[in-house]
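Thanks for coming. Please take a moment with the sequence and the model before I start.

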Amino acid sequence: MSEIIVRKVNFEFPEDIDLYPIPSMPRVSLFIVAFSLTMPYLEPYLIKMMLNAKKNISDEALLEDMNRFCQQEGNHYRNHARINKIIRSKFDDDVAKQLARIESDLKADYDRFLKDENLDFNLAYAEGFEAMTCAAALTSAQRKPHKTGFMNKDWADLLDWHGLEEIEHRTVAFDVFQQVCGKYFYRLTRGLWAQGHYLYAIHKFYVVMLKAKGMRVMPYIPFFILAGGFKYLNTLFPWYNPANYRIPDDLKARLEKYSAETT
Ligand SMILES: [Fe+2]
Ligand SMILES: [Fe+2]
């Protein structure tokens, strides 16, 4: 029986939602918004590659986890797409066009990876992304930002739910990569490249929005790396396995409150 639960979660976001998830921290906020803008491209890419990888997997339990991973990621990007639509409307047409251009470039990159690159490459990309975000999600989950009140409630619920489900399905991309390819050095080098590629896409969205809001572009450490800290560094070593993480005891209970229906 899979440990991963598919929850039907549909957030309703108000049209007047704050552009800044953390109103007192506009720079951090725009990085979070930039992350959200990538989701409707990155997560469908993960789903398509998992579906491609199924033919290489015979372990029934892992196949079921892959199905559930895809359903969770599908729910994630659909909720992000809804908030992104409102967010885009908060910028003028010129800025919205610049954001749309970055979105179509990112989609073209992922389409190209699926078409021209082999499965090992795509799975290493998935694992690089999942390892980086799970490390950050574990740190965020401990801080429980939705409870501290400094974050906008709608954003906090979306990010908390998404982060907790990322923790819940943390082993899937790693296990599939291990079964299909399994080479540590390949995971390390392609994973780092993938993280660079993904963070650069976020950076492009971030810069456009900073400029639109009259803020200077300054050097920064991406939130995922900063929040992941030592947990992120640990993902770079051969002994890394996300199954070994200590998971918050209340993970399932916290997820339950977001769930209208579960399977
Ligand atoms: Fe996700
Ligand atoms: Fe994920």
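Which residues does F205 touch, not counting residues up to four places away in sequence? They are A34, L37, L99 and I102, where contact means that the C-beta atoms of two residues, placed from the backbone, lie within 7 Å.

Some ground rules. This is a predicted model, in which local features need pLDDT of at least 70 and side-chain atom pairs count only at pLDDT 80 or more, while totals for chains, interfaces and linings use all residues. Residues are numbered from 1 along each chain as its sequence is written, and chains are lettered from A and ligands numbered from 1 in the order in which they are written.

Now the overall layout. The protein has ten helices and two strands; these are DSSP runs numbered from the N terminus, with helices being H or I of at least four residues and strands being E of at least two. The order along the sequence is β-α-α-α-α-α-α-α-α-α-α-β. The C-alpha trace spans about 50 × 40 × 30 Å along its principal axes. Of the 263 residues, 39% count as buried, meaning that 20 or more other C-beta atoms, placed from the backbone, lie within 10 Å of the residue's own. Among contacts with a separation of 6 or more, 86% join residues 24 or more positions apart.

Back to F205. The largest nonpolar core has 61 residues, and F205 is among those with the most contacts inside it, together with A34, M50, L123, V176 and I202. Such a core is a set of buried Ala, Val, Leu, Ile, Met, Phe, Trp, Tyr and Cys residues joined through C-beta atoms within 7 Å. Helix 1 gives the most to this core, with 14 residues.

Next, helix 1 itself. Helix 1 has 28 residues and reaches 40 Å from first C-alpha to last, close to the 40 Å expected at 1.5 Å a residue; the expected span is 1.5 Å times one less than the number of residues. Helix 1 bends by about 45 degrees at M39, and the proline P40 follows within four residues. That bend is the angle between axes fitted to the seven residues ending there and the seven starting there.

Last, helix 7. How many of the eleven residues of helix 7 are buried? Eight are, in a helix that runs over residues 170–180, and V176 is one of them. What covers them includes helix 1, helix 2, helix 4, helix 6 and helix 8. Just after helix 7, G182 takes a positive phi of about 80 degrees.

How values were computed
Buried ≥ 20, exposed ≤ 12 C-beta atoms within 10 Å, placed from the backbone.
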